[in-house]
Amino acid sequence: MKRAKTEFPHPLLSKNRDDYINCDFEVSQKELIEDNEKILITLNYQLSSSGLQELLNAKLAKVIIKLENNGASYRNIYEFEYQKNEITINLNKDKIVGDIEVKGYIIANTDIGNFSLAEHNKEYFEGVNFTIRKGDILAEEPGIVIRLYSSELEKPVASIFIIKMNDETKTKTNESIIPKFNKDKIEIILDKSTYHFYSRLRKKKVLRKYLSGVIIFPVLVQAIVVMQNIYATPADSENEYKVESFKKLRWFKAIEKKLDKMEIDISNTPLSPVTISSKLLGDIVYSAVSGLKETIDELLKSKSITDESEEE
Amino acid sequence: MNLALFEESAYEKLKDNVENNIQKYLNDTNWLDEYFDNQNYFAPSSKDVNQLEKLMHSRTKKSSEDKCLEDYANVINLYSAFKNLTTIQASNIYMWSYLAHTRYKEYVLDRWMSPFMESANSDEIIDEDEDIEDESNKETLEEKIIKRIKTRFLVEGRRKLFDNALSRLWWFGYMTYDENTPANPWHLTKTLLTDQTICTDVIVNTRCCRNRKAMKGVLLALEEFIERYGKKNVGMNYYRACRKYLNRYGAVTSIDFLNTEEIKNLAYNYMVEYREKNLLITK
């Protein structure tokens, strides 16, 4: 969870502060392996501060990782072993939902009196000694967010859509279909009549592909266009915040990852949004039309049998 | 007993239409089949849990202490029955919301909605959803009801799973069950539910208590404090001052790094010192 700026009662090594001179502390992700049951995250840290390194060597301080997953109310810390700057964290998938926030700290392993290092900024701290308590944060780094995609990948792309009925008491519009792209799932809002037809037809399994073709497919085409516009927006534009917000949405990340697996670079592809969307939905155009033909053939067949029996 | 959960579209529809369905919510009958026009609005879950037919509840007017006793019994009942849920499964808002609307609707009505069913005078309603420190609450009766429905039947309260009428019972159990004390594994649950204000202060307003180990340390401190000075002396003030102290402490210290005993000592010693200072001032 992001924290508001905090004033510390002692020098803190952090990118946003100048309490330390010419020092740095950073944690980076080396590897991420996912399977059906586990997630293995390998992290390593880099530290350039001789004073803090001495505290680590003397076991007066420790490097830890705080891992938080709000989706499943999971929060835990993991400690690097002394003399090792790499750690592999092994998580059970049944403990994690969604993004994992990972942040590294150097903390005091015990109370430390007379804490003063040569690399402390003399302008602020010359001649000052600090008392450090066990657990006090001596260094922090910005942290990273690890996005887990497998749960989205295992589901069909259609799972990033939610189909709703238009509440006429709240909106004045009488459009039969309105897509909305500003939430984690793409909302497809249907007018009352269309929604009722959709709900009834959806009960017939053989017609679901056809319904996906009619309702989800055109919205997905527009979603691809939205994504291409996002990628085309220059990084330093006024809309940078809006662009970054879109990129964090679950539907955006899910489509991005699927296309990555299909080796389609959406920002630079000769394929049209229509073709890309059809591929994402498993060649929906063919399966929708063939599904409809199958249904009609069955209907005609049962009608011709009835006609024959009536003639007799 | 197999669980079930709302379809996502059904949940969204309910969430968007609470104000139109107030009377349906306050009614004892099952209205969902008709509301969804016999369309599929829920799906069975493959998750099998122990049978839990009923939760303890009654429609009689209850004191705060009665509510705590009722919550304590229901935490034990529900968490024991649903203990084999993983934390991911227990984070499923569609499941808890479905159960609150159907199988355990009577309990939700009695525990959370009875003030609205009995009294039309909003001044008489003691709203446990309000933060005691917030004095500017000027909601109408209808707004209070809508907020209560969204918080307790759905999972739309500020505190999400710790607010929904059923999920809160499971998560209270999960955070406080003490497997190291087999003779009385619910002793910390009892401490948490000393009163509703302490419960909110510990679960919601103490940042370090999002970690089970830290929660345990804080509850052990409270337990010892209550044992020494009596329940009445805990009140709002001692723990409230302590949680402010822990939040400040946790801003510059990794409380998660400390062990349970250290966290307990931190909280307990602070409350004792705060009490002694207060006694000196009042002399």
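A: **Chain B in detail**

Helix α11 of chain B holds B:Phe225; helices (H or I, at least four residues) and strands (E, at least two) are DSSP runs, numbered from the N terminus. With a relative accessible area of 0%, B:Phe225 is buried, a term that means under 20% relative accessible area, whereas exposed means over 50% and partly exposed lies in between (1.4 Å probe, protein chains only). From B:Phe225 to B:Ala267, 42 residues apart along the chain, the C-alpha separation is 9.7 Å.

The model is predicted: local features need pLDDT of at least 70, side-chain atom pairs count only at pLDDT 80 or more, and totals for chains, interfaces and linings use all residues. Residues are numbered from 1 along each chain as its sequence is written, chains are lettered from A and ligands numbered from 1 in the order in which they are written, and side-chain values use heavy atoms, with hydrogens and water left out.

The chain as a whole comes next. Chain B comprises 13 helices and two strands, and 55% of its 283 residues count as buried. Of the contacts in chain B with a separation of 6 or more, 72% are between residues 24 or more positions apart, where contact means heavy atoms within 4.5 Å.

The buried residues include B:Trp96, B:Tyr98 and B:His101. At the start of α5(B), B:Asn92 places a side-chain oxygen within 2.9 Å of the backbone nitrogen of B:Tyr94.

Over all chains, the whole structure contains 36 aromatic pairs. Rings of Phe, Tyr and Trp (its six-membered ring) pair if their centres lie within 6.5 Å; planes under 30 degrees apart count as stacked, over 60 as edge-to-face and the rest as tilted. B:Phe6 and B:Tyr98 form an edge-to-face pair, because their ring centres are 5.4 Å apart and their planes stand at 85°. Since B:Phe6 lies in strand β1 (residues 2-6) of chain B and B:Tyr98 in helix α5 (residues 93-101) of chain B, the pair ties together parts that are 92 residues apart in sequence. B:Phe6 and B:Tyr98 are both buried. The pair of B:Tyr270 and B:Tyr274, by contrast, is stacked, because the centres are 6.1 Å apart and the planes at 20°. These two tyrosines both belong to helix α13 (residues 260-282) of chain B, four residues apart, about one turn of the helix. B:Tyr274 counts as partly exposed, at 26% relative accessibility.

B:Phe6 and B:Tyr98 also belong to one aromatic cluster, whose members include B:Trp31, B:Tyr35 and B:Phe153. Over the face of B:Tyr35 lies B:Lys13, 4.7 Å from the ring centre. B:Arg111 takes such a place over B:Trp112, at 4.0 Å from the ring centre. A charge sits over a ring if NZ of Lys or CZ of Arg is within 6 Å of the ring centre and within 35 degrees of the ring normal.

Chain B also faces chain A. In this interface, 29 residues of chain B contact 42 residues of chain A. The two chains bury about 2900 Å² between them, 51% of it on carbon and sulfur atoms; buried area is the accessible area (1.4 Å probe) that two parts lose on being put together, summed over both. Six salt bridges cross the interface, each being a side-chain nitrogen of Lys or Arg within 4 Å of a carboxyl oxygen of Asp or Glu. Nine residue pairs between the chains are in polar contact (both at pLDDT 80 or more). On the side of chain B that touches chain A, α1 (8-16) and α12 (237-252) each supply at least two residues. The most comes from α1(B), with five residues.

B:Asp256 brings several of these contacts together. A salt bridge joins its side chain to that of A:Lys66 (3.6 Å, N to O), and a polar contact of 3.1 Å joins the side chains of B:Asp256 and A:Arg75. A polar contact is a pair of N or O atoms within 3.5 Å; within protein, one must be able to donate a hydrogen and the other to accept it, and residues adjacent in sequence count only if both atoms are side-chain atoms. A further polar contact, of 2.9 Å, links the side chains of B:Asp256 and B:Asn211. B:Asn211 lies in the loop between α10 (196-203) and α11 (212-229) of chain B and counts as buried at 5% relative accessibility. A:Arg75, in strand β4 (residues 74-79) of chain A, counts as buried at 15%.
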